[in-house]
Amino acid sequence: MMPRLQAEEKLDAINVGALSSGDVDRAYRMRAIGALQRKTLGHRFRAKKAGSADLAGMGIGMRTAPVTPPEMPLSDVSGACDG
């Protein structure tokens, strides 16, 4: 994980240098600044929900309950009222 973080920091430093030099076109500069602002705000991608195969790979057992159809409320049953 450390090499990845070091690479990200180095890329950020390169971007800062390029953005501060003024040699970059406006569209790239705006995209880069927007990306850095999103980073500072803490917006992150949502993690994918772990499935049974993912959990099994981590050594976590998982049991699933059988699915039964929901019971219909008495008010929805036709002919439930004697009137």
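Tutor: This is a predicted model, and we can begin with H1, whose 20 residues reach 29 Å from the first C-alpha to the last, close to the 28 Å expected at 1.5 Å a residue. Just after H1, Gly22 takes a positive phi of about 85 degrees.

Student: How do you know that the span of H2 agrees with its number of residues?

Tutor: At 1.5 Å a residue, the 16 residues of H2 should span 22 Å, and because its end C-alpha atoms are 22 Å apart, the two values agree. Just after H2 comes Gly42, again with a positive phi, of about 85 degrees.

Student: Why is H1 called oblique to H2?

Tutor: The axes of H1, residues 2–21, and H2, residues 26–41, come within 11 Å and cross at roughly 135 degrees. That angle makes H1 oblique to H2, because roughly antiparallel would require an angle over 145 degrees, and roughly perpendicular one from 65 to 115. The crossing in which H1 passes H2 is left-handed.

Student: Which residues meet where H1 contacts H2, and what kinds of residue are they?

Tutor: From H1, Asp12, Asn15 and Leu19 meet Tyr28, Arg29, Ala32, Ile33, Leu36 and Lys39 of H2. The residues of this contact comprise five nonpolar, one polar and three charged.

Student: What is the confidence in the chain, and where is it lowest and highest?

Tutor: The mean pLDDT of the chain is 78, and 81% of its residues reach 70 or more. Confidence is lowest in H2, at a mean of 80, and highest in helix H3, residues 52–57, at 90. Where pLDDT is low, the predicted coordinates should not be read in detail.

Terms used: Residues are numbered from 1 along each chain as its sequence is written. This is a predicted model: local features need pLDDT of at least 70, side-chain atom pairs count only at pLDDT 80 or more; totals for chains, interfaces and linings use all residues. Side-chain values use heavy atoms; hydrogens and water are left out. Axes are lines fitted to C-alpha atoms, for helices over the stretch in contact, and angles run from 0 to 180 degrees between N-to-C directions. Helices (H or I, at least four residues) and strands (E, at least two) are DSSP runs, numbered from the N terminus. Angles under 35 degrees count as roughly parallel, over 145 as roughly antiparallel, 65 to 115 as roughly perpendicular and the rest as oblique. A crossing is left-handed if the near helix is turned anticlockwise from the far one by less than a right angle, and right-handed if clockwise. Contact means heavy atoms within 4.5 Å. Ala, Val, Leu, Ile, Met, Phe, Trp, Tyr, Cys and Pro count as nonpolar, Asp, Glu, Lys and Arg as charged, and the others, Gly among them, as polar. pLDDT is the predictor's confidence in each residue, from 0 to 100. The expected span of a helix is 1.5 Å times one less than its number of residues.
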